[in-house]
Amino acid sequence: MNDLLFQYLLRLGDDSLILGQRLCEWCGHAPTIEVDLSLSNLALDLIGQATLFLGYAGEVESGGRDADALAFHRDAEDFRNCLLVEQPNGDFARTMARQFLFSSYQLALLDRLCSSADGRIAEIAAKAVKEVRYHADLAADWVVRLGDGTAESRGRMIEGLDDCWRFLDDLFAMDDGERALAAAGIAADKAALRPLVQGRVEQVLRQATLSMPGLPWQVTGGRTGRHSEHLSRLLAEMQVLPRAHPGARW
Amino acid sequence: MSKDWPLWEVFVRARGGLEHRHAGSVHAPDAELALRHARDTYTRRMEGVSLWVVRSADIVASDPDQAGELFEPAASKVYRHPTFYDLPDAVKHM
Amino acid sequence: MYTTELDKTAGSAAAPVAVEDPALLAAFEARVANDEFIEPKDWMPEAYRRTLTRQISQHAHSEIVGMLPEGNWLTRAPSLKRKAILLAKIQDEGGHGLYLYCAAETLGTSREQMIEALHTGKAKYSTIFNYPTLNWADIGAIGWLVDGAAIMNQVPLQRTSYGPYARAMVRVCKEESFHQRQGYDLLLEMMKGTPEQRAMVQDAMNRWWWPSLMMFGPPDDNSPNSAQSIRWRIKRETNDELRQKFVDATVPQAELLGISVPDPDLQWNEERGHYDFGAIDWNEFYAVVRGEGPVARERMKARRAAWDEGAWVREAAAAWEARQAARRAAAA
């Protein structure tokens with residue numbers, strides 16, 4: 001059960017870590033300073049979540065690894081984030097499309113995890129769910145304004161969403177280990193969450209005068225370490241200093 | 001004509017505070033995003049429990065040239081202030 | 001602010017101003033001398049409005065451009081804690097830029113006009129940010145030295161004559177002390193680490209020390225606007241006075257860190273009760289002020305790109321709201 005819990009916590013922590021890292025790339029480059037602040041707010045929340053989940057993961061593993069060791073010293077194949085969050089930022093529409101889908105999912109997930117049988121998970125979820133409610137609403141606001149803004153913004157939002165649809169199954173993927181945890185009340189049953197999330201997504205898309213297409217062929221594998229070409233490049237940048245300086249203090 | 005997003009004035013009521021106070025301004029295209037930007041800009045250190053945003057153009061301010069007529073008369077009506085009344089020490093709770 | 005002196009050349013070729021009522025001028029100067037605040041709707045001389053607009057907007061530009069040298073290392077922050085701290089700091093800087101742009105707007109210039117001025121090179125910003133951040137220790141050096149210098153310039157501005165500027169500065173100062181402390185803390189930690197890390201810290205010091213001293217502006221004998229700035233409560237002390245204060249405060253901090261100051265002429269002068277220090281390369285200072293700093297072009301390109309590439313986003317949001325407003329009006 002311990003190894004299953006460890007893997008589950010990695011999935012939760014890595015999602016937040018990788019998405020937080022992607023949002024950091026926007027720093028100083030957003031369409032207005034106000035939007036820059038919004039994005040870095042999101043990033044700060046996500047890094048905070050990652051620190052808590054990965055910190056707990058390290059304790060569960062009892063192998064002497066803390067959150068930093070897990071964040072900065074694993075290779076791509078040992079990361080357990082979903083494929084959606086490692087995709088490149090693209091333009092602001094693509095970033096908001098990714099954010100909207102992920103945060104809608106994460107909100108439903110954390111909401112369920114507030115009553116996890118694991119006290120620590122419940123505690124972290126209770127704090128994070130308030131942050132993510134804001135993330136999901138903010139992203140939805142932008143999907144609506146860009147989807148139903150100008151012809152150009154609409155085209156870009158459709159494009160941005162189209163980049164994301166092939167990663168939807170991966171977001172909700174569960175394996176036997178996670179199903180066992182869900183049966184024990186520790187993990188959330190993602191299959192049960194999916195219709196809720198889908199409903200919310202469709203509602204916002206309608207407001208944006210957009211529609212959800214038929215899903216394309218799904219690409220999966222993030223939860224078991226099979227990632228896209230993007231992750232190793234992202235990690236090379238993120239991890240460069242600790243890996244170049246073993247024994248360093250930061 | 002400026003293509004800027006309009007300016008909004010932000011008022012924050014702090015945790016345990018009694019009234020909203022002017023915190024500053026933000027640019028936003030609409031009311032909803034004005035609230036979001038205000039929250040992201042002015043409540044990062046948990047300063048607030050309530051936010052008001054008002055379009056700057058909608059604020060009606062008193063004319064500073066009339067500050068004399070509007071406000072000086074109040075200065076001479078000191079009996080409105082509790083400290084004007086010198087009560088004996090024996091009177092408590094007042 | 002360290003930008004006070006940047007347009008002194010522009011000031012000397014001032015645009016002609018209509019003759020202003022001497023009674024109004026006298027009343028204005030009396031209010032300012034009386035430590036009162038001038039508010040947006042109050043009468044003010046044109047020169048005051050122009051100077052304040054320039055000063056405040058340049059201060060705002062500095063905060064925004066300042067996000068870039070630090071943003072350069074954000075994705076490579078070596079621990080989760082440092083990443084979060086740096087994010088919070090950069091956010092604060094963006095926020096400061098916002099407070100200041102909004103304060104400047106009360107004087108009648110639009111955000112778009114100010115950004116246009118920055119992007120076309122008409123407006124200046126603190127040229128310290130046109131230096132590159134080459135290793136992680138630079139992030140600490142910026143917090144310790146650059147923010148340290150900024151704090152010295154900023155504290156007196158909390159009682160500057162223009163109300164919106166003073167209020168913005170109160171907010172800024174409250175948030176700024178965390179910036180300097182986190183920078184020093186970062187360097188302290190590195191100095192306890194590996195020899196390579198200690199070398200990084202010394203290297204950062206070697207590159208950021210002199211530019212930080214330059215942040216206080218030209219020498220007093222080359223600062224013609226000082227008297228007016230002091231009268232209008234834009235500055236309290238002269239450039240050289242503040243620079244001396246900074247050196248006196250910072251040298252002991254460097255000693256505590258265990259690094260050397262890259263100045264062979266630095267020496268405690270018992271008689272004066274201050275540190276004597278070496279000559280600043282004023283050629284470098286003026287070159288950087290002219291816009292020829294090592295990465296000035298990159299900084300401007302980045303800001304221009306962000307603004308230009310974001311135009312479709314701003315337009316889309318405005319278009320959406322316009323349609324909503326029309327719907328609301330039709331329904332009313």
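Guide: Start with a term. A salt bridge is a side-chain nitrogen of Lys or Arg within 4 Å of a carboxyl oxygen of Asp or Glu. Across the interface of chain B and chain C, the rule finds one salt bridge. B:Arg55 forms a salt bridge with C:Glu321. Their closest N and O atoms are 3.3 Å apart.

A word on the model. It is predicted, so local features need pLDDT of at least 70 and side-chain atom pairs count only at pLDDT 80 or more, while totals for chains, interfaces and linings use all residues; side-chain values use heavy atoms, with hydrogens and water left out. Residues are numbered from 1 along each chain as its sequence is written, and chains are lettered from A in the order in which they are written.

Now the polar contacts. Such a contact is a pair of N or O atoms within 3.5 Å; within protein, one must be able to donate a hydrogen and the other to accept it, and residues adjacent in sequence count only if both atoms are side-chain atoms. Between chain B and chain C, four residue pairs are in polar contact, both residues at pLDDT 80 or more.

Which elements of chain B take part? Helices (H or I, at least four residues) and strands (E, at least two) are DSSP runs, numbered from the N terminus. Strand 2 of chain B gives the most, with four residues.

Sort that side of chain B by class. It has eight nonpolar, four polar and seven charged residues. Here Ala, Val, Leu, Ile, Met, Phe, Trp, Tyr, Cys and Pro count as nonpolar, Asp, Glu, Lys and Arg as charged, and the others, Gly among them, as polar.

Next, the extent. In contact (heavy atoms within 4.5 Å) are 19 residues of chain B and 22 residues of chain C. The two chains bury about 1800 Å² between them. Of this, 50% is on carbon and sulfur atoms. Buried area is the accessible area (1.4 Å probe) that two parts lose on being put together, summed over both.

Which residues of chain B lose the most area to chain C? They are B:Trp5, B:Arg44 and B:Arg45. Together they make up 27% of what that side buries.
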